[in-house]
Amino acid sequence: MFNSAVRGKLIDGDKSYSQISKEILAPIHAKTPLWWYAAMLVSLGMFGFGLYCKYITISTGIGTWGVNNSVAWGWAIINFVWWIGIGHAGTAFSIFLLILRQKWRTAINRAAEAMTVVAVFCASLFPLLHMGRPWLFFFIFPYPNTRGPLWVNFNSPLFWDFVAISAYLLISASFWYFGMVPDFATIRDTAKSKIKKAVYGFFAFGWTGSSREWLRFEGLSFVLGGIAAVLVVSVHSIVSTDFAVSVQAGWHTTIFPPYFVIGAIFSGFAMVLTLVITMRGLYNMNDFITDRHVDAVCRILIFISLIMGTAYMTEIFIAWYSASEYETYMFFKNRLFGDYAFQFWAMFTANAVIPQLFWFKAVRKRMWIVFIISIIINIGMWFERFNIVVTTLSRDYLPAAWANYSPTYVEIGFFVGTLGMFLAGVLLFFRYIPMIAISELKSVAKFDKPNNGQLKAKSHE
């Protein structure tokens, strides 16, 4: 087996190439389990409720939400930033570890990339509905029309959002899809159904596995990876400028771009952990997604959690050191010890304190504890976005304009609908797409059995 000097074996069990293909493709070729139908039914129910809330929003207006003149950004923007953050991990996980040539990524990157594409789709719905007149969304494109040339405001961070997220979605989907082409060809060649052969053959682009195709495939992976690596940093930096370019207390700060990027990777990695532990439990993928893979992600989360805690303390210190009565009020009287103290301390505990449990090996070895902590992190990251948006808008420079905010069932239903959409996308991924990149996994599986036609493992690998 392939042995890493740091991680040990990347695949458990003495498996041949054919065994790897057979076990990973088993969920696709097997009969759909009953739990999958039940989970899909629940997901579609949640999504249906979300569609109903979207219909109310479009037919009646934004007045059905809890937003007001002061808190014009509510759950829509909170959830938009939250979903974008989750969508960052897939590309960040795949790209940065690909560029750094970390072989242990091969068992997890496919799920992370799938999660990215679905999460970005979920995120895109919120600003679309928040426009109030979503049928006029095309105004954001500069194009010739009967009213004369229509040019958008290039100075607006909201336009930067649109450009960055559109580019990010395109690159992420391309990177994810082209990475699956060899695996689609494997399904095409092993499927017994003519329909499956035709469908997966179509998506395989006539892949034959020749040396020329592999050279182009690997070259394309690094090109798309290089582009996506830049977008991972730029997209959430641009999202942060929605807040940072304002003059609102609590927003007007230069720490926001790196703070948002690190936070996005933090929440995304936690969701990756949730997803791969679920895959291990439901599909018995323990030989491919080993305890060592989970341990590696947990160690990364420890490091990022320390950065998040440092960012929170830095914000508080700068608010005190600036001697600005507005900043001091925002952080000390509004967030730490005021009306939104619960949200602040929930965020701080979930993101900066609880992940430190991963220092203990006994915690990292218990999958159910890791699973719970990964969910707690994403709840904490949601509270972080709530703190950023609501606490600042509800208490601006004019006390006469102060107003509290609470979401209506329409906003809550909209968010529940995107959760259902995400779960349905993940379930479809489980059912119809190889959860682990077969071609990449085989690249790290070297065998020392001369009689099975495989290459011997080199001592330095």
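Residues are called buried under 20% relative accessible area, exposed over 50%, and partly exposed in between (1.4 Å probe, protein chains only). The model is predicted: local features need pLDDT of at least 70, side-chain atom pairs count only at pLDDT 80 or more, and totals for chains, interfaces and linings use all residues. Residues are numbered from 1 along each chain as its sequence is written, and side-chain values use heavy atoms, with hydrogens and water left out.

The structure holds 43 aromatic pairs, a pair being rings of Phe, Tyr and Trp (its six-membered ring) with centres within 6.5 Å; planes under 30 degrees apart count as stacked, over 60 as edge-to-face and the rest as tilted. The rings of tryptophan 214 and phenylalanine 217 are edge-to-face, with centres 5.4 Å apart and planes at 85 degrees. Tryptophan 214 is partly exposed at 28% relative accessibility, whereas phenylalanine 217 is buried at 11%. Phenylalanine 342 and phenylalanine 383 form another edge-to-face pair, at 6.0 Å centre to centre and 90 degrees between the planes. Phenylalanine 342 lies in helix H11 (residues 341-353) and phenylalanine 383 in helix H13 (residues 367-394), so the pair ties together parts 41 residues apart in sequence; helices are DSSP runs (H or I, at least four residues), numbered from the N terminus. Phenylalanine 383 is buried, with a relative accessible area of 17%, and phenylalanine 342 is exposed, at 61%.

Arginine 364, in helix H12 (residues 361-365), is buried at 7% relative accessibility. Among the residues that arginine 364 touches are Phe358 and Trp359, contact meaning heavy atoms within 4.5 Å.

Technical notes: Helix = DSSP H or I, 4+ residues; strand = E, 2+ residues; numbered from the N terminus. Lists of a residue's contacts leave out its neighbours within four places in sequence.
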